[in-house]
Amino acid sequence: MTGAPRASLVALAGALVGLGGCLSVPDGPAAMCQTTDDCDHASGEVCEQGVCWGNPPAGPFAAVLSPASTRHDLVPRELAQVAIPADGYLGDLALAKSVLMGGRVTAYCAPPTTDCDALGASITVTRSSQFHGGPGFKAVVNVDAADGFSIPVPPTEDGDDPYVLTIVPDSTAGSSGSTGGTGAVATSVPPRRMQLSLADSMPDSMIVLGGPGLPVINGSLTDSLGQGLAGYRVVAIGRWDPSEPVTEVSSVSLTDASGAYTVTLSDQLVGTVEVVATPPAGQLGGANNALGPTIHLANFDATKSAQRSAVAPVTLGTELPPITVAVTGVVTGGTVSPIAGATVIVTGGATSMLTSFTVADTEVTGNDGTVQLRLLGGPDLVGTYRISIIPQASSQLGVIYNQKFTPPAAGATLPPIRLGARLALQGTIVDAAGAPVIGAVVTAQPSLRFLWTLDAAPQAFAGAIPPSTTTNATDMSGGFVVWVDANIDQVWGEYDLLIQPPADSRAPSLVQTVDLLRDATIDTMPLETITLPDAAFVHGRVVDSGGTPVEDAEIKLYRVSTALELCSEVAHAPTTCPIPAALLDRNTSDDDGMIRLALARQPTP
């Protein structure tokens, strides 16, 4: 049983970027035509090089052009509106000439000092898309303190959104380099977020991190006996933009022998921040290799200084003996075997007022299917532990999510944890003429409807499961099998099947949404035959700003939709409702700059 495709559901950006069913013409099957009379001339098709070009599907369309990595003078360009004529010829598509964004990063120093310390940093440059649901622009560079930076970006024009720069200092920035023997390094300056519009190349400028008047949060971390928790890495997490995920927004402090810490927040933050103190070497290490909790201090006003300390209660306990967890499953042949390569995640935590203490360990099973976990055994934690397991990509075995996990008593061992079978989706793919599509690759990943029906934690978990891809391409009959998790956190799944015909096929790529049967007793779900729609062939030429053809440039062609009904139909959609545009096809230009695409004529409902 297959669900009807939905425009709002078929465009998951991360997966669709992988669509690879690009048309290679005129290579491949026999010529489609000898003259235009052999094509659908009434719909505008024309015959060239044995191909009937044109009669495109309904738009509106947009595109992203990207130059080859060797063309440093060119940068990607978004085409917010792409008109596809009836004859399918896009004409010349010009790449943008790069504009340089350059300068140096320094730490703030009080006047009259002018020779401020230059800093190394990671700089992320983003600009929102010029069409709804587009990928936008993003570049990440690591800059050396001595060399500064020079980043090629597309120019901005009237009406374009400005660039957003996020500057994160290197871990040694503004610090003495002290590590406390843990490998962690402090920073005395916070990251910074700023906006910039560029019509022409930007002259070298100075980006200053830190400064007077920024909010400061300080305090101390101690154990139940008042002893300082030394070597903890302390940083604040928060947001510059309420629609973004939390990230580190402060300088980084390492607690001293007394447990004291001080962090300086960035400016222009919104809402609240949380201070997170991680024990030395993550969860595994510290003084005498002791295991300690991660400490979370919540609900600080992001615009004000504050002071708060925390005491780790004795009821968190001490480290338990290493805990062995064995993961098994029924493999081909029906035998129960150890499962290698599975990710095992155990988490637990205790909360008191605005302070919480968490312990987590993540390990990957070896060839014997086992991991060794390190956890604390106090009464505040033992009853809170939960376990999740994710097998390797495309495994026939399913995930385990957030199940209660009780550490064994001293001297006892845990029984193996057996992974259940995933649901096998079995189907057949044919082309518009009914012929089997041989050699197509099918990939399944959760649809937006499925993801946004889940609450935040299971949604993040589902998004972290590697997409499941057919082990072998479709067979001589067009048949395929792909395995999926039937439900997560008691929510039944819906999956987008990304169908990628082979490169020499005239069939277009397609995304088919499958709504799973709500039946826990089945392990196989036969699908109705999936018919790939007829393809419309379009072509054009990629050129530089001077009109010279550009080889190995990439085009991604999208269908744009502003239908946002899905966001009102599910419980946990992001407030910005970021439904990506649907990627129809992608390809690279030949040595004459020519690009050729196959577009599904059947519009996505």
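Strands S33 and S34 run antiparallel and are joined by 2 bridges; strands here are DSSP runs of E with at least two residues, helices are runs of H or I with at least four, and both are numbered from the N terminus. Across this pairing, Ala 444 stands opposite Ser 468 in S34. Two strands are taken to pair if DSSP finds at least two bridges between them.

The model is predicted: local features need pLDDT of at least 70 and side-chain atom pairs count only at pLDDT 80 or more, while totals for chains, interfaces and linings use all residues. Residues are numbered from 1 along each chain as its sequence is written, and side-chain values use heavy atoms, with hydrogens and water left out.

The open sheet has 4 strands in the order S34-S33-S38-S39, with antiparallel pairing. Strand S34 (468-469) and strand S39 (510-515) are at the edges with a single partner strand each, so one side of each is left without a neighbour in the sheet.

Strand S32 (residues 423-430) runs antiparallel to S35, and 6 bridges join them. Ala 424 has Trp 483 in S35 as its bridge partner. Of the 6 residues of S35, 5 are buried, so the strand is largely enclosed by the rest of the structure. Buried means under 20% relative accessible area, exposed over 50% and partly exposed in between, with a 1.4 Å probe and protein chains only.

**Pocket and cavities**

Grid points are joined across faces, edges and corners, and a volume is the space filled by probe spheres set on the points.

The largest pocket has a volume of about 1400 Å³. It is lined by 43 residues, of which Ser 128, Gly 134, Pro 135, Glu 244 and Pro 578 are the closest to its centre. Elements that each supply at least two lining residues include helix H1 (13-16), strand S9 (121-127) and strand S10 (137-143). S9 gives the largest share, 4 residues.

The whole structure holds 3 cavities of 30 Å³ or more. In the second largest cavity there is about 90 Å³ of space. Its lining has 13 residues, and the closest to its centre are Pro 446, Ile 465, Pro 466, Asp 485 and Tyr 495. Strand S33 (441-446) and strand S35 (479-484) each supply at least two residues of this lining, with the largest share, 3 residues, coming from S33.

**Aromatic pairs**

Rings of Phe, Tyr and Trp (its six-membered ring) pair if their centres lie within 6.5 Å, and planes under 30 degrees apart count as stacked, over 60 as edge-to-face and the rest as tilted. The count by this rule is 4 aromatic pairs. Phe 137 and Tyr 163 have ring centres 5.9 Å apart and planes at 80°, so this pair is edge-to-face. Both Phe 137 and Tyr 163 are buried. For Tyr 401 and Phe 461 the ring centres are 4.8 Å apart and the planes at 45°, so the pair is tilted.

Key
1 Å grid on protein atoms, 1.4 Å probe; cavity = no way out; pocket = protein on both sides within 12 Å on 5 of 7 lines; lining within 4 Å.
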